[in-house]
Amino acid sequence: MKLDYWRYDLKLKHTFTISRSSRDVVPVVLLKFEKDNIVAFGEASPNARYNETRDSVEQFFKKIEVEEISDPFKLEHINEYLDSLAPHNASAKAAIDIAMHDWIAKKLGIPLYKFFGGEKRKAPLSTFTIGIDTPEAMIEKVKEASNYPVLKIKVGLANDEEIIRAVRSVTDKPLRVDANEGWKSKEEALDRINWLATQNVEFIEQPMPAEQLDDTRWLRERVKIPVIADEALAYHDIGTLSTAYDGINIKLQKNGGLLKSRKLVYTARAHGMRIMLGCMIESSVGISAAAHLSPLVDWNDLDGNVLISNDPYRGALNEDGKIILSDEPGLGVKPLIPTTDS
Ligand code: MG
């Protein structure tokens with residue numbers, strides 16, 4: 001039995017800008033768990049928004065006694081054990097949990113979506129995300145994404161309206177808009193969302209800072225499109241969120257992996273909420289893990305591996321927004337370059 005991990009820099013095809021940051025390279029930690037001649041893969045894509053770095057991921061991995069994760073079928077125990085080592089550290093925990101799921105499904109000889117009781121044909125179409133840029137550059141990016149049926153547009157800076165007008169000058173396809181907590185006052189957010197609702201925007205994601213739950217509740221009572229929680233999911237339980245949001249954006253890297261995310265799907269449904277499955281910038285390991293869960297959700301935003309130029313794995317494909325799940329056992333991912341010690 002062996003647990004290995006190593007650093008890898010995911011290179012973005014375009015500089016990726018959201019309301020709080022801009023990036024060309026995304027540092028991740030890739031992971032491999034081997035037992036009974038089965039090799040399973042995991043990935044942590046740490047995000048500064050949740051106080052994680054590549055160093056903190058590696059420090060977390062160093063605390064793990066590999067005996068405690070020696071039986072991957074004990075998913076509940078393993079998740080409790082990881083939580084007992086330290087709070088938070090969601091991406092580090094996700095990496096282990098993803099590898100455990102890959103191993104289990106490989107051992108059973110089935111693709112992971114079958115382990116979840118899902119059907120491939122039910123995976124929703126995925127959006128393609130356009131980061132914040134100048135209106136001219138946004139137009140070019142929208143043209144490059146012409147094969148994708150639904151776009152996700154990042155806003156939350158001063159030029160929101162200019163950006164959406166630029167996008168609308170070249171396409172009339174449905175848009176989903178993510179402000180990444182960019183609007184600080186509820187009156188400003190109300191004005192912007194009311195205008196977006198006239199632009200064939202399906203929903204607005206995280207319009208205001210995660211902590212401003214009362215403002216978001218006020219906002220939701222006044223707008224005509226659904227309001228979806230993303231960053232707020234790390235701060236409030238589902239029952240609380242359901243009083244201020246219509247749906248949630250689940251990300252394995254933010255929520256600690258597949259077991260916890262699957263529980264969130266059922267809890268959110270019980271509160272009458274809609275569910276989007278999103279991602280960080282991740283390789284095909286992290287994206288494939290989410291893709292196998294995606295037949296259980298309403299909306300997919302799984303393009304993290306499409307946005308990079310040096311994906312070290314091949315796995316679930318995103319072909320013009322259609323998620324193609326492999327029927328290979330487990331995650332169905334294959335390394336394209338040698339993993340650390342092979
Ligand atoms: Mg978001």
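Student: What is the order of the strands in the open sheet?
Tutor: The eight strands run β4-β5-β6-β7-β8-β9-β10-β11, with parallel pairing. Strands here are DSSP E runs of at least two residues, helices are H or I runs of at least four, and both are numbered from the N terminus. Two strands pair if DSSP finds at least two bridges between them.

Student: Which strands stand at the edges?
Tutor: β4 (128-130) and β11 (299-300) do; each has a single partner strand, so one side of each is left without a neighbour in the sheet. Elsewhere in this sheet, β8 and β9 (residues 247-250) pair in the parallel sense over two bridges, and Ile 228 stands opposite Gly 247 in β9.

Student: Before we go on, what should I know about the model?
Tutor: It is a predicted model, where local features need pLDDT of at least 70 and side-chain atom pairs count only at pLDDT 80 or more, while totals for chains, interfaces and linings use all residues. Residues are numbered from 1 along each chain as its sequence is written, and side-chain values use heavy atoms, leaving out hydrogens and water.

Student: Thanks! What coordinates the magnesium ion?
Tutor: Asp 178 (OD), Glu 205 (OE) and Asp 230 (OD) coordinate the ion, at 2.1 to 2.3 Å. Donors are N, O and S atoms within 2.8 Å of the metal (3.2 Å for Na, K and Ca), and water is not among the atoms, so sites may look incomplete. Along the chain, the donors follow the spacing D-x26-E-x24-D.

Student: And where are Glu 205 and Asp 230?
Tutor: Glu 205 is in strand β7 (residues 201-205), and Asp 230 is in the loop between β8 (227-229) and α9 (238-241), 25 residues apart.

Student: What does Ile 204 touch?
Tutor: Leaving aside neighbours within four places in sequence, the contacts of Ile 204 include Val 177, Trp 183, Leu 196 and Ile 228. Contact means heavy atoms within 4.5 Å. Ile 204 is also among the residues touching the most other members of the largest nonpolar core, which has 85 residues. A nonpolar core is a set of buried Ala, Val, Leu, Ile, Met, Phe, Trp, Tyr and Cys residues joined through side-chain atoms within 4.5 Å.

Student: How many residues are in the other core?
Tutor: That core, lying apart from the largest one, has 25 residues, among them Leu 3, Phe 33, Ile 69 and Tyr 81.

Student: Switching topic: what are the domains?
Tutor: The domain assignment gives domain 1 (2-109) and domain 2 (114-335); such bounds come from an automatic or database assignment. Their centres, taken over C-alpha atoms, are 21 Å apart. The contact takes 44 residues from domain 1 and 50 residues from domain 2.

Student: Where is β3, buried or exposed?
Tutor: Six of the seven residues of β3 (residues 38-44) are buried, so this strand is largely enclosed by the rest of the structure. β3 pairs with β2 (residues 21-35) in the antiparallel sense over seven bridges. The two strands form a hairpin with two residues between them, and Asp 36 in the turn has a positive phi of about 50°.

Notes: Buried means under 20% relative accessible area, exposed over 50%, partly exposed in between (1.4 Å probe, protein chains only).
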